[in-house]
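Please read it alongside the coordinates shown below.

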Amino acid sequence: MYAKIDAYIDKLLNCSTPDAPIWNIESIRQGKKPHWNYIDGCMITSLLEIGKISGNRKYFDFNLAILLIVSSFTSSPTTSNWNTVHILCMSIKSKICIIYS
């Protein structure tokens, strides 16, 4: 049972890059720049939990790469969703620091 789930998650990661995760296929196809959305938060949280349970660092590494991408477009307080993205970054940083330590 878990083999199918693991294969599906691996496919998601293998078909994704941190700036174009496959779960945002609509944005990718439309050529939109990376931006924070609710699905990203759900997937990032899920990958952190999978990493914590499995002990496999690939999930944490992927999330860390996403964090670096997201951080790069949060430098301006005029960004419409800056507060949400900032909270996301802080949440991921704290989870990754706890898990890696």
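## Basis of the description

The structure is a predicted model, in which local features need pLDDT of at least 70 and side-chain atom pairs count only at pLDDT 80 or more, while totals for chains, interfaces and linings use all residues. Residues are numbered from 1 along each chain as its sequence is written, and side-chain values use heavy atoms, with hydrogens and water left out.

## Overall fold

The protein has five helices and zero strands, where helices (H or I, at least four residues) and strands (E, at least two) are DSSP runs numbered from the N terminus. Read from the N terminus, the order of elements is α-α-α-α-α.

Of the 101 residues, 31% count as buried; buried means under 20% relative accessible area, exposed means over 50%, and partly exposed lies in between (1.4 Å probe, protein chains only). The protein exposes about 6600 Å², of which carbon and sulfur atoms supply 62%. These areas come from the Shrake-Rupley method with a 1.4 Å probe, and for residues only the protein chains shown count as cover.

Contacts (heavy atoms within 4.5 Å) also describe the fold. Among those between residues at least 6 apart in sequence, 54% join residues at least 24 apart.

## The nonpolar core

A nonpolar core is a set of buried Ala, Val, Leu, Ile, Met, Phe, Trp, Tyr and Cys residues joined through side-chain atoms within 4.5 Å. The largest such core has twelve residues: Ile9, Leu12, Leu13, Trp23, Met43, Ile44, Leu47, Leu48, Tyr59, Phe60, Phe62 and Ile66. Helices H1, H3 and H4 each supply at least two residues of this core.

Which residues does Trp23 touch, not counting residues up to four places away in sequence? They are Ser16, Ile39, Asp40, Met43, Leu47, Phe62 and Ile66.

Rings of Phe, Tyr and Trp (its six-membered ring) pair if their centres lie within 6.5 Å; planes under 30 degrees apart count as stacked, over 60 as edge-to-face and the rest as tilted. By this rule there is one aromatic pair. Trp23 and Phe62 form it in an edge-to-face arrangement, with 6.1 Å from centre to centre and 70 degrees between the planes. The pair links distant parts of the chain, since Trp23 lies in the loop between H1 and helix H2 (25–29) and Phe62 in helix H4, 39 residues apart. Both Trp23 and Phe62 are buried.

## Salt bridges

Side chains of opposite charge can pair when their charged atoms come close. Here a salt bridge is a side-chain nitrogen of Lys or Arg within 4 Å of a carboxyl oxygen of Asp or Glu, and the structure holds two.

| Pair | N to O distance |
|---|---|
| Asp10 and Lys58 | 2.4 Å |
| Lys52 and Glu49 | 3.7 Å |

The bridge between Asp10 and Lys58 links distant parts of the chain, with Asp10 in helix H1 (residues 2–14) and Lys58 in helix H4, 48 residues apart. Asp10 is partly exposed at 23% relative accessible area, and Lys58 is partly exposed at 32%.

Lys52 and Glu49, by contrast, both lie in helix H3 (residues 38–54), three residues apart, about one turn of the helix. Lys52 is exposed, with a relative accessible area of 51%, whereas Glu49 is partly exposed at 33%.

## Cysteines

How many disulfides does a search of the whole structure find? The search finds zero disulfides, a disulfide being a pair of cysteine sulfur atoms within 2.5 Å. Cys15 is partly exposed, with a relative accessible area of 45%, and Cys42 is partly exposed at 32%.

Ala65 belongs to helix H4 (residues 57–72) and is partly exposed at 24% relative accessibility. Asp19, in the loop between H1 and H2, is partly exposed at 40% relative accessibility. Asp19 and Ala65 are 46 residues apart in sequence, with 8.5 Å between their C-alpha atoms.

His35 is found in the loop between H2 and H3 and is partly exposed at 34% relative accessibility. The C-alpha atoms of His35 and Asn24 are separated by 9.8 Å, and the two residues are eleven apart along the chain.
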